[in-house]
Amino acid sequence: MTHLDIVVDSTTVTLGNPAKVLYPSTGTTKLDVAQYYLQVAPVLMPWARDRPATRKRWVDGVGTDADPGESFFQKNLGAGTPDWVLRCTMHHKDHDNSYPLVNDARTLLWLAQISALEIHVPQWTFGAGCTPQLPDRLVLDLDPGEGVGLAACAAVALLARDCLDRNGLDSLPVTSGSKGIHLYAQLDGQRTSEEVAALAREMALSLERDHPLLVVSRMGKDLRRGKVFIDWSQNWLAKTTVVPYSLRGRKRPTVAAPRHWDEIVPGELAQLDYRQVLVRVTNGIMPTIPKGGHA
């Protein structure tokens, strides 16, 4: 089969080469990716809606350890983008980019068609007239350095949760599908990206001061060995984070998966793949950011 026409949102989307293997280690095909994104669309879209989506694409698949697949980030929409893909244009220093908005299931299906396995978005949305709004959420990216892994990230996540609580922010953990954990907290939209980043930095510094053998807040890779780096900079206006429920371009088809706090147990936590996430979604295990953050 060279192509497959799928009708979604009253639109026919053509999936070219649906049997193409994008994850050789598991035999996961482009059709598998498309079906996954269609099934999780109702829970993914609230995280992505009205946000400029940067895509990370593996046109020939992720490859193997011996022969990794090539990938690239794509911000601006290409000439072949379907007319029905919602978009907003944003001015950068010396150019404009037109970004897709992942506001409907057919757009997710189109992203699968172009092998955009990862979807990255900022912590703010576009408002009327494609005007960037103040951020509506804060994120802390817990990234393990050399010599530590997800267990250390889980331990730091529990400490960071207490820090967020003290700042009046209820939080939600998301295992990143890569190495670490992302912590999200909802904001009231009254602070600029710079102010939110400053708040996140202060929390990271506080955790580093209190737990210097476990936490580092500075970006130098030589400082991260044996510690968990808290990347607070993803709250800057121009930064993006992989959207929850997005696939990851790892050797296995893992997913950035929202979790309940009682799952964050050092030594027992693991990253989830897309089949495990589909089971969770089917069973209604779909944690969301608690309401009421006011920082």
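Proline 68 counts as partly exposed, because its relative accessibility is 49%. The model behind this value is predicted. One disulfide is counted in it. Helix α1 meets helix α2, and α1 also makes a contact with helix α5. The points below take these topics in turn.

**Proline 68 and its loop**

- Proline 68 sits in the loop between β5 (54–57) and β6 (72–74).
- Leaving out residues up to four places away in sequence, proline 68 touches Val62 and Gly63.
- Arginine 250 is 182 residues from proline 68 along the chain, yet their C-alpha atoms are 9.8 Å apart.

**Glycine 249**

- Glycine 249 belongs to the loop between β15 (241–242) and β16 (254–255).
- Is glycine 249 buried or exposed? Its relative accessible area is 15%, so glycine 249 is buried; the cut-off for buried is under 20%.
- Neighbours within four places in sequence aside, glycine 249 is in contact with Tyr23, Trp58, Val62, Leu117 and Glu118.
- Val62 is therefore a contact of glycine 249 and is also touched by proline 68, under the contact limit of 4.5 Å between heavy atoms.

**The disulfide**

- A disulfide is a covalent bond between the sulfur atoms of two cysteines.
- Which cysteines does the disulfide join? Cysteine 88 and cysteine 130 are the pair, with an S to S distance of 2.0 Å.
- This pair links distant parts of the chain, 42 residues apart. Cysteine 88 is in strand β7 (residues 87–91). Cysteine 130 is in the loop between β9 (116–121) and β10 (137–144).
- The disulfide is left-handed because the torsion about its S-S bond is about -75°.

- A disulfide needs the sulfur atoms within 2.5 Å.
- The search from cysteine 163 leads back to cysteine 153, again at 16 Å.
- Cysteine 153 is buried, with 0% relative accessibility. Cysteine 163 is buried too, at 4%.

**Helix α1 against helix α2**

- The axes of α1 (residues 30–48) and α2 (residues 105–113) come within 9 Å and cross at roughly 150°.
- The two helices are therefore roughly antiparallel to each other, since the cut-off for that class is over 145 degrees.
- The crossing of α1 and α2 is right-handed.
- On the α1 side, the contact includes Val33, Tyr37, Leu38 and Leu44. On the α2 side, the residues include Leu108, Leu109 and Ala112.
- By class, this contact has 11 nonpolar residues, one polar and one charged.

**Helix α1 against helix α5**

- The axes of α1 and α5 (residues 274–282) come within 11 Å, crossing at roughly 35°.
- This crossing is left-handed.
- Asp32, Tyr36, Gln39, Val40 and Val43 of α1 make the contact with Tyr274, Val277, Leu278 and Val281 of α5.
- Seven of these residues are nonpolar, one is polar and one is charged.

How values were computed. Residues numbered from 1 in each chain as written. Predicted model: local features only at pLDDT ≥ 70, side-chain atom pairs only at ≥ 80, totals over all residues. Heavy atoms only, no water. Helix = DSSP H or I, 4+ residues; strand = E, 2+ residues; numbered from the N terminus. Buried < 20%, exposed > 50% of the residue type's maximum accessible area, 1.4 Å probe, protein only. Axes fitted to C-alpha atoms, helices over the stretch in contact; angles between N-to-C directions. Parallel < 35°, antiparallel > 145°, perpendicular 65-115°, else oblique. Left-handed = near helix turned anticlockwise from the far one by under 90°. Nonpolar A, V, L, I, M, F, W, Y, C, P; charged D, E, K, R; others polar.
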